[in-house]
Amino acid sequence: MTIDVRPASVFEDVRAVLGPKSPGANVCWCLSYRIPSRLNNELRGPARGEYVAGLCRAEPSPGVLAYDGDEPVGWAAVAPRSDTSFARNRKIPHVDDLPVWSLWCIRVRPGHRKKGISHALIAGAVEFARTHGAPAVEAYPLDNGDARVDLTMAYAGIRKNFERAGFVHAADTTSVLAGHPRVLMRLDLR
């Protein structure tokens with residue numbers, strides 16, 4: 001298996017990884033941290049997918065996709081922090097005024113997990129941010145130690161995967177997800 005990570009510019013492939021089984025469902029579509037809360041609450045059913053389709057047509061695309069051959073098997077959301085709710089989040093501090101990019105969601109499709117795809121997604125998201133001029137990338141993973149993490153809440157990633165990718169602990173946060181504290185991890189690209 002060879003995993004290739006590419007910009008998430010093909011909406012059908014993004015839908016394969018993030019979209020609902022039922023077109024009318026109100027799934028996240030990885031919009032919760034990307035758009036203002038009010039808009040996130042207003043977008044219902046198919047309108048959520050239509051919004052993401054617009055993001056896929058924009059430059060830069062809303063993140064990266066991992067492919068096994070031609071099959072999309074994973075997703076990572078990465079964007080300038082200033083374009084996300086992390087710019088205003090009171091639970092996750094700003095370490096400095098550097099215009100960092102945020103990497104906040106990693107999703108691997110069922111049937112493809114435990115194959116190193118999340119590692120490829122982190123590396124691909126970092127490279128994507130680097131090519132778009134990011135001076136650093138931040139992530140806000142769970143600091144779960146050896147405790148199990150509910151797969152529904154594992155989207156934030158886990159600390160040790162980011163450490164393996166060269167990220168370092170930059171700050172503690174007051175954010176908790178699925179009973180685990182989140183930490184601010186950073187990879188300097190300068």
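## The annotated span

In this predicted model, the end C-alpha atoms of residues 38-190 lie 35 Å apart, and the span is 25% helix and 31% strand.

## The largest pocket

The largest pocket has a volume of about 1300 Å³, and its lining is made up of 43 residues, of which Ile-106, Val-108, Arg-113, Leu-151 and Ala-154 lie nearest the centre of the pocket. The elements that give two or more residues to this lining are helix H1 (11-18), S4, helix H4 (117-131) and helix H5 (159-164). Of the lining of the largest pocket, the largest share comes from S4, which supplies five residues.

Sorted by class, the lining of the largest pocket holds 23 nonpolar residues, together with ten polar and ten charged residues.

## Ser-102 in strand S4

Strand S4 spans residues 101-108, and Ser-102 has its place in this strand. Ser-102 counts as buried because its relative accessibility is 0%, and the cut-off for that class is under 20%.

The side chain of Ser-102 makes a polar contact with the side chain of Tyr-140, at 2.7 Å.

## Backbone features in the loops

The peptide bond from Glu-59 to Pro-60 is cis, with omega near 0 degrees, and Pro-60 is placed in the loop between helix H3 (46-57) and strand S2 (63-68).

Lys-114, found in the loop between S4 and H4, has a positive phi of about 65 degrees although it is not a glycine. With a relative accessibility of 84%, Lys-114 counts as exposed, a class that requires over 50%. Ala-178, which lies in the loop between strand S6 (168-177) and strand S7 (180-188), likewise is not a glycine and has a positive phi, of about 55 degrees. Ala-178 counts as partly exposed because its relative accessibility is 41%.

Conventions:
Residues are numbered from 1 along each chain as its sequence is written. This is a predicted model: local features need pLDDT of at least 70, side-chain atom pairs count only at pLDDT 80 or more; totals for chains, interfaces and linings use all residues. Side-chain values use heavy atoms; hydrogens and water are left out. Helices (H or I, at least four residues) and strands (E, at least two) are DSSP runs, numbered from the N terminus. Buried means under 20% relative accessible area, exposed over 50%, partly exposed in between (1.4 Å probe, protein chains only). A polar contact is a pair of N or O atoms within 3.5 Å; within protein, one must be able to donate a hydrogen and the other to accept it, and residues adjacent in sequence count only if both atoms are side-chain atoms. On a 1 Å grid over the protein atoms alone, a cavity is a set of points where a 1.4 Å probe fits but cannot get out, and a pocket is an open set with protein on both sides within 12 Å along at least five of seven lines; lining residues have an atom within 4 Å of a point. Grid points are joined across faces, edges and corners, and a volume is the space filled by probe spheres set on the points. Ala, Val, Leu, Ile, Met, Phe, Trp, Tyr, Cys and Pro count as nonpolar, Asp, Glu, Lys and Arg as charged, and the others, Gly among them, as polar.
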